Amino acid sequence: MEIRHSTNPADAKHYDTARLRRQYLIESLFQADKIKMVYAHDDRLVIGGALPVKETLTIEAADVLKTEYFLERREVGFINIGGEAIIEVDGERYALGKLDTLYVGKGARELKLSSENASEPAKIYFTSALAHATYPTRKVSVQEANTLNLGSLESSNERTIHQIIHENGVQSCQLMLGVTLFKPGSVWNTMPAHLHDRRMEAYLYFDMNADARVFHLMGEPNETRHLVVANEQAVISPSWSIHSGAGTSSYAFIWAMAGENYTFKDMDAVAMDMLK
């Protein structure tokens, strides 16, 4: 498990491109028959990816967690972006199609990940937050999610937000998770921008062509920076940073949040004339 420490905005505004990418960009989450995990000290979120092809992969507690098993003091949300996935939770089997989500609460001891078909392997993205109580395991399709239609084609940000793990959906301790899909011709996400100082956020950009890129905007509103992000790469967004972006072509992204508050609308809007 890779460790990423928290950063201070007063320091981050002095980072060059290499340091920004090293600190906030996760470039290679999906590697054949491996599980990759990053421990972000921002609200202690674990961000992970698994690409089971020929093997069944088991999520185990890394030494940094100092626990007997991964979900001893955590909860996790899985979302599949590839071929059909099989996730076993303490022996119970769940089949996940593309964009299906599985929430697993604190206390589950065994997590096994595999693909139904090795020729069309699953790509399983997951985020895990600290948990103080146990909520039941639950599978949800993207069609069952709470749906918000936002933006317009005129502003190039017509999009559908699918809220999956949140206060009015799948219940959790603090983890929130959902997916945003764009209408044809729209490329801007989360603009106008906002902040939520009480929660960090992580983005996974996916469903992009190999030569496409998203220019992910970050930083304080008056000290913006950017990351150039390729397909299936993730971004750690500290609570003090905006999180917005525009793509060279169509894309989708998964958002996950963890922190103090458990209200999706807990955010502070940033007026366009504040951005610099």
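Predicted model: local features only at pLDDT ≥ 70, side-chain atom pairs only at ≥ 80, totals over all residues.
Start by selecting Ala-12 and whatever surrounds it: leaving aside neighbours within four places in sequence, Ala-12 is in contact with Leu-20, Tyr-24 and Trp-240, where contact means heavy atoms within 4.5 Å. Ala-12 sits in helix H1, residues 9-12; helices (H or I, at least four residues) and strands (E, at least two) are DSSP runs, numbered from the N terminus. With a relative accessible area of 5%, Ala-12 is buried. Here buried means under 20% relative accessible area, exposed over 50%, and partly exposed in between, with a 1.4 Å probe and protein chains only.

Residues are numbered from 1 along each chain as its sequence is written, and side-chain values use heavy atoms, with hydrogens and water left out.

**The annotated site**

Next, select His-194, His-196, Glu-201 and His-243, which an unreviewed UniProt entry lists under "binding site". The positions are given in the numbering used here, the feature name is shortened, and such annotations may be inferred rather than shown by experiment. These residues are spread over 50 residues of sequence, yet they cluster in space, with a largest C-alpha distance of 11.8 Å. The lining of the largest pocket includes His-194, His-196, Glu-201 and His-243. (On a 1 Å grid over the protein atoms alone, a pocket is an open set of points where a 1.4 Å probe fits, with protein on both sides within 12 Å along at least five of seven lines; lining residues have an atom within 4 Å of a point.)

Zoom in on His-196, in the loop between strand E17 (194-195) and strand E18 (199-206). His-196 counts as buried because its relative accessibility is 1%. Beyond its neighbours within four places in sequence, its contacts include Glu-201, His-243 and Asp-266.

Then move to His-243, in the loop between strand E21 (233-237) and strand E22 (244-247). His-243 is buried too, at a relative accessible area of 1%. Leaving aside neighbours within four places in sequence, the residues in contact with His-243 include His-194, His-196, Glu-201, Tyr-203 and His-216.

**Backbone stops**

Most residues other than glycine have a negative phi, and most peptide bonds are trans. Show the backbone from Met-191 to Pro-192: this peptide bond is cis, with omega near 5°. Pro-192 lies in the loop between strand E16 (188-189) and E17.

For a positive phi, go to Lys-66, where the value is near 55°. Lys-66 is in the loop between strand E5 (57-58) and strand E6 (74-80), and it is exposed, with a relative accessible area of 66%. Ser-156 also has a positive phi, near 60°. You will find Ser-156 in the loop between strand E13 (146-150) and strand E14 (159-165); at 24% relative accessibility, it counts as partly exposed.

**Last stop: the surface**

Finally, select Ile-3 in strand E1 (residues 2-4). Ile-3 is partly exposed, at a relative accessible area of 38%.
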